[in-house]
Amino acid sequence: MNYEFKIIAFTDDPQFSISLSRECNKYGFSLSFIDREVEIKDEIDGDIISVVLLDLNNYTENPFDLCQSIKINHGMPVFGILNQFSKKVQEKAKEAGFDLIFTKKMLLRSIREVVIHVSKE
């Protein structure tokens, strides 16, 4: 199958991962779950628009440091995802360079629209 959009996810949340897989499958988006930043280079394909999702609640590494590193080393859009919205975490994420912040529920409900928007950028 030829994909036009790929989501590379860093999350340890099994329920969210299952829901994200269903949504990506529904819309024909490629999805990869990885554990380390060095794996990103294996996931990048020049013909596919890619974004990185970093779980701000369920991931073992510091997502703020990881975001900065991904931006510097790969120049990719980075989206933060939260279990529940927090103004404090949103501010910290913005300072770290995250492009967008979503609750997991909000992202799952609007993933198609987000992909369309990113694809046009």
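Predicted model: local features only at pLDDT ≥ 70, side-chain atom pairs only at ≥ 80, totals over all residues.

Me: How many residues does helix 1 have, and how far does it reach?

Reply: Helix 1 covers residues 14-27, which makes 14 residues. From its first C-alpha to its last it reaches 20 Å, close to the 20 Å expected at 1.5 Å a residue.

Me: Which residues of helix 1 are buried?

Reply: The buried ones are Phe-16, Ser-17, Ser-19, Leu-20, Glu-23 and Cys-24. They lie on the same side of helix 1, because they cover an arc of only 165° around the axis.

Me: And what is exposed on the other side of helix 1?

Reply: Pro-14, Gln-15, Arg-22, Asn-25 and Lys-26 are exposed there.

Me: What does Asp-13 do at the start of helix 1?

Reply: A side-chain oxygen of Asp-13 comes to within 3.1 Å of the backbone nitrogen of Gln-15.

Me: Which residue follows helix 1?

Reply: Gly-28 follows, and its phi is positive, near 75°.

Me: Now helix 4. Which of its residues are buried?

Reply: In helix 4, residues 87-96, the buried residues are Gln-90, Ala-93 and Ala-96. Their arc around the axis is only 125°, so they are on the same side of helix 4. Lys-87, Lys-88, Lys-94 and Glu-95 are exposed on the other side.

Me: What covers the buried residues of helix 4?

Reply: The cover includes helix 3 (63-74) and strand 5 (100-103).

Me: Which residue comes just after helix 4?

Reply: That is Gly-97, with a positive phi of about 105°.

Technical notes:
Residues numbered from 1 in each chain as written. Heavy atoms only, no water. Helix = DSSP H or I, 4+ residues; strand = E, 2+ residues; numbered from the N terminus. Expected span 1.5 Å × (residues − 1). Buried < 20%, exposed > 50% of the residue type's maximum accessible area, 1.4 Å probe, protein only. Arc of directions from axis to C-beta. Polar contact = N/O pair within 3.5 Å; in protein donor to acceptor, adjacent residues only side chain to side chain. Contact = heavy atoms within 4.5 Å.
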